[in-house]
Amino acid sequence: MRLLVTGGCGFIGTNFIYLMLERHPDWTIFNLDKLTYAGNRKNLLPVEQGKDKKRYHFLHGDICDREYIEETMLKHRIDAVINFAAESHVDRSINDPSPFVTTNVQGAQNLMECARRIGIGRFVHVSTDEVYGTLGPEGKFMETTPLAPNSPYSASKAGADLMARAYFETYGLPVVITRCSNNYGPYQFPEKLIPLVYRNAKTDNPLPVYGDGLNVRDWIYVDDHCTGVELALLKGREGQAYNFGGDAEKPNIEVIKTILSILGKPESLITFVKDRPGHDRRYAMDFSLARKELGFAPSLNFEQGLKKTVEWYEANANWLEDVQSGAYRDFMDEWYKERK
Ligand code: NAD
Ligand code: DAU
């Protein structure tokens with residue numbers, strides 16, 4: 001298979017590419033990434049320079065660029081597309097929604113349009129549980145739950161999901177949508193809760209907890225999400241959306257305290273700050289459809305996954321230093337000033 005992966009220099013894309021190259025010796029992967037603040041080409045340098053270098057190719061490009069995408073799909077004789085490329089951080093979308101609409105909606109539509117013109121055999125669009133909005137204390141999101149996004153980020157992801165549906169219904173594009181809960185693991189940018197708490201705790205800095213800290217997320221180890229995407233590619237029904245989750249619902253404050261206890265750091269670092277506007281209260285995933293049709297099940301529980309994650313960050317301190325470039329620092333400095 002000749003696979004075009006977009007956004008492969010980000011958190012999930014990087015983990016996905018490593019896993020797929022290991023699991024499928026006959027696949028060739030083309031990783032097309034714009035390299036925004038969240039993309040790091042160096043993540044995959046060992047592949048670019050190692051034994052798999054003939055099966056992995058980095059392409060610097062933007063999913064919004066029609067001519068370039070169409071040319072790339074034709075030139076490299078692409079069989080299937082996995083679209084990870086996105087602006088992915090909710091707080092940034094609150095500050096400025098525009099790039100979210102550009103990449104997450106227009107970029108996704110552009111990819112689908114090129115794929116349909118060329119007749120690509122399979123298109124997996126990677127979406128999120130956030131498109132469903134928020135839950136009360138009971139119940140779980142199902143694929144049939146109406147879309148009710150609350151942040152500019154989740155609205156842009158829902159926009160692309162609806163476009164994918166329309167491309168299937170109208171043009172028969174062989175598209176499968178995946179919707180997953182909160183990922184954690186190696187290579188996650190330290191603006192997201194788990195790596196941010198790890199980084200701040202290590203350096204004895206305050207850990208900003210939004211609101212009362214009782215918002216609940218369903219945490220999944222990144223490799224399990226990647227397996228879900230792989231299954232959707234190989235076995236998913238065209239036109240169908242599939243939920244993936246980790247069966248690990250935790251209030252944020254519990255996640256933070258667990259990291260502090262692994263690191264042996266004091267709870268006095270916890271600092272309650274102003275809440276995120278429109279902050280979804282609770283996410284929980286019913287992934288029985290993916291279990292039944294794709295054979296999906298998370299392989300790690302939260303404690304196992306978190307231990308692996310912390311071990312990776314301990315062993316890769318340079319990576320954290322590397323990704324915290326000027327643009328990121330400026331954004332976070334401004335953000336914290338507002339929150340205090
Ligand atoms: P990320 O922010 O770590 O990586 C995004 C990647 O996309 C980066 O490498 C960036 O350079 C690239 N990119 C951004 N705009 C681009 C453009 N216009 N053209 C080409 N490349 C571009 O994101 P992530 O956490 O790895 O998320 C990947 C996908 O999974 C996203 O679509 C996100 O919505 C979805 N998702 C994420 C989670 C999670 O918990 N992180 C959960 C469910 C779904
Ligand atoms: O649910 C899937 C989504 O998970 C993905 O679609 C998004 O791309 C991804 O960013 C993530 O979104 P969240 O907003 O849930 O993740 P984040 O790590 O930003 O926040 C997790 C929870 O922790 C959320 O309730 C807000 C809270 N939080 C976050 C940060 C960064 C804090 O309390 N303090 C913080 O500093």
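**Close-up views of a predicted model**

**View 1. Here is the second largest cavity and its lining.** The model is predicted, so local features need pLDDT of at least 70 and side-chain atom pairs 80 or more, while totals for chains, interfaces and linings use all residues. Residues count from 1 along each chain as written, chains are lettered from A and ligands numbered from 1 in written order, and side-chain values use heavy atoms, without hydrogens or water. The volume of this second largest cavity comes to about 60 Å³ (probe spheres on points joined across faces, edges and corners). Sort the lining of this cavity by class and you get three nonpolar, four polar and four charged residues (nonpolar: Ala, Val, Leu, Ile, Met, Phe, Trp, Tyr, Cys, Pro; charged: Asp, Glu, Lys, Arg; polar: the others, Gly among them). The model has three cavities of 30 Å³ or more.

**View 2. Ligand 2 sits here among 23 surrounding residues.** Asp129, Tyr153, Asn182, Arg276 and His279 are the closest of those 23 (a heavy atom within 4 Å). On its own, ligand 2 has 690 Å² of accessible area, and the protein covers 94% of that (Shrake-Rupley, 1.4 Å probe). The shell around ligand 2 splits into nine nonpolar, eight polar and six charged residues. Both α7 and β8 (207-210) put at least two residues into that shell, with β8 giving the most, three (DSSP runs from the N terminus: helices H or I, at least four residues; strands E, at least two).

**View 3. Next comes helix α7, residues 193-202.** Eight of its 10 residues are buried, so the helix is largely enclosed by the rest of the structure (buried: under 20% relative accessible area, protein chains only). The buried ones are Ile194, Pro195, Leu196, Val197, Tyr198, Arg199, Asn200 and Ala201. Just past the end of α7, check Asp204, whose phi is positive at about 55°.

**View 4. Ligand 1 has 28 residues around it.** Ile12, Asp33, Ser88, Tyr153 and Lys157 come nearest. Polar side-chain atoms of Asp33 and Tyr153 each lie 2.6 Å from an oxygen of ligand 1, while a backbone N or O atom of Gly10 lies 2.9 Å from an oxygen of this ligand. The protein covers 97% of the 840 Å² of accessible area that ligand 1 has on its own. Elements giving two or more residues to the shell are α1 (11-23), β5 (122-128), α6 (152-171) and β7 (182-184), and β5 gives the most, with three. By class, the shell around ligand 1 holds 12 nonpolar, 12 polar and four charged residues.

**View 5. Last up is the second largest pocket, with about 310 Å³ of space.** A pocket is an open set of points with protein on both sides within 12 Å along at least five of seven lines. Fifteen residues line this one, and Glu143, Arg165, Arg179, Gly239 and Ala241 lie nearest its centre. α6 and β6 (175-180) each give two or more lining residues, with α6 giving the most, five. The lining of this pocket has seven nonpolar, three polar and five charged residues.

Technical notes: Buried means under 20% relative accessible area, exposed over 50%, partly exposed in between (1.4 Å probe, protein chains only). On a 1 Å grid over the protein atoms alone, a cavity is a set of points where a 1.4 Å probe fits but cannot get out, and a pocket is an open set with protein on both sides within 12 Å along at least five of seven lines; lining residues have an atom within 4 Å of a point. A polar contact is a pair of N or O atoms within 3.5 Å; within protein, one must be able to donate a hydrogen and the other to accept it, and residues adjacent in sequence count only if both atoms are side-chain atoms.
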